[in-house]
Amino acid sequence: MNDSRIPETVLKAMSEGTHIIRAYREHLGYSIDELAVACGLAAEEIQNIESGLRYNKGYRDRIARSLSLPVGIFEAGSDISDAA
């Protein structure tokens, strides 16, 4: 992924140890509950993903679509996106 396409606030949050999904969620103004409703996952599943637990690609793609991000965006930096 080209870092110039990642918003500065997301890059800053990630550099401080924030999971990429949480960084994007917060950048876009979604609460965990709002994102859960938008993507059809349980809030607990989103919390687990954001804490670094690995979930299948389909879950991450659903989150990406719900945030209006390109599908696969959370795969490009797998070392970042799968580790808190």
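Buried means under 20% relative accessible area. The views below come from a predicted model.

**View 1. One side of helix α1 is buried.** Helix α1 spans residues 8-15, and its buried residues are V10, A13 and M14. These three cover an arc of only 100 degrees around the axis, so they sit on the same side of α1. E8 and S15 lie on the other side and are exposed. An α-helix has 3.6 residues a turn, so residues three or four places apart point the same way. After α1 comes G17, with a positive phi near 100 degrees.

View 2. In soluble globular proteins, nonpolar side chains tend to be buried together.

View 3. Leaving out residues up to four places away in sequence, I46 touches I32, L35, A36, C39, L41 and I63.

**View 4. Y24 and F74 form an aromatic pair.** The structure holds 2 aromatic pairs. In the pair of Y24 and F74, the ring centres are 6.2 Å apart and the planes meet at 65 degrees, so the pair is edge-to-face. The cut-off for that class is over 60 degrees. This pair links distant parts of the chain: Y24 belongs to helix α2 (residues 20-27) and F74 to helix α6 (residues 73-76), 50 residues apart. Both Y24 and F74 are buried.

**View 5. D61 is a buried residue of helix α5.** Helix α5 covers residues 57-66 and includes D61. The relative accessibility of D61 is 9%, so D61 counts as buried. The D61 side chain reaches the backbone nitrogen of G72 at 3.3 Å. Beyond residues up to four places away in sequence, D61 touches V71 and G72.

**View 6. R62 lies over the face of Y59.** The distance from R62 to the ring centre of Y59 is 5.8 Å.

Conventions. Residues are numbered from 1 along each chain as its sequence is written. This is a predicted model: local features need pLDDT of at least 70, side-chain atom pairs count only at pLDDT 80 or more; totals for chains, interfaces and linings use all residues. Side-chain values use heavy atoms; hydrogens and water are left out. Rings of Phe, Tyr and Trp (its six-membered ring) pair if their centres lie within 6.5 Å; planes under 30 degrees apart count as stacked, over 60 as edge-to-face and the rest as tilted. Helices (H or I, at least four residues) and strands (E, at least two) are DSSP runs, numbered from the N terminus. Buried means under 20% relative accessible area, exposed over 50%, partly exposed in between (1.4 Å probe, protein chains only). A charge sits over a ring if NZ of Lys or CZ of Arg is within 6 Å of the ring centre and within 35 degrees of the ring normal. The arc is that of the directions from the helix axis to the C-beta atoms. A polar contact is a pair of N or O atoms within 3.5 Å; within protein, one must be able to donate a hydrogen and the other to accept it, and residues adjacent in sequence count only if both atoms are side-chain atoms. Contact means heavy atoms within 4.5 Å.
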